[in-house]
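Dear colleague,

My notes on its aromatic residues and overall fold follow it.

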Amino acid sequence: MPPQNAILFAGSSTFRLWHNIKDDFRGFPIINRGFGGSSLTDVIRYTEEILFPYQPKQVVIYCGENDFAIDNLLPVDSVVNRFTTLFGLIRKRLPSTHISFVSMKPSPSRWQLKEKMQQANRTINEFLERQDNTSYIDVWEAMLNESGLPRPEIFLKDSLHMNGLGYIIWKHKIVPKLLN
């Protein structure tokens, strides 16, 4: 059983595929519970299995991108509501746990959804600013080139998942938000 009072990463394959996550966050007790293809509704559905048993001191969430990809007609408010539902579940069961949200990333293969993802990111950030014991981790801008487009060199051939260079960007954005 992983240690209690750790930092739990929950969300989609972007976390699942972070194979050296424990090395990248050396000195922090990390539990990675990302699973491929997950949407916010999936993370909500499996909180009893992937989140609550570990009693984490911090939960880092990356999810929402798949919600829009599964249903490109899904309104921004639906994704934000899904996030606030997950937030409420965590806050109710683990009231002192710090909750962090990593912004949806600008994946080249999903660039047509950028406006929805950016609006959801902004609204989730605004929500978190009104809450205690939270943080928002913005990776969007750091993943763009000088022309404002996704940097192709940080993505795998599928133009969705990141390679090591992408994870270096994420590491530098996430480390300052992790609890000691």
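Two rings of Phe, Tyr or Trp (its six-membered ring) count as a pair if their centres lie within 6.5 Å; the pair is stacked if the planes are under 30 degrees apart, edge-to-face if over 60, and tilted otherwise. The model is predicted, so local features need pLDDT of at least 70 and side-chain atom pairs pLDDT 80 or more, while totals for chains, interfaces and linings use all residues. Residues are numbered from 1 along each chain as its sequence is written, and side-chain values use heavy atoms, without hydrogens and water.

The ring rule gives 17 aromatic pairs. Helices (H or I, at least four residues) and strands (E, at least two) are DSSP runs, numbered from the N terminus. Both Trp 18 and Trp 170 are buried, that is, under 20% relative accessible area with a 1.4 Å probe, protein chains only. The pair of Trp 111 and Trp 140 is stacked, because its ring centres are 5.9 Å apart and its planes are at 20°.

Ring pairs also join Phe 9, Phe 15, Trp 18, Phe 25, Tyr 62, Tyr 167 and Trp 170 into a cluster.

As for the fold, the protein chain has 8 helices and 5 strands, and 52% of its 180 residues count as buried.

With kind regards

Notes
Buried < 20%, exposed > 50% of the residue type's maximum accessible area, 1.4 Å probe, protein only.
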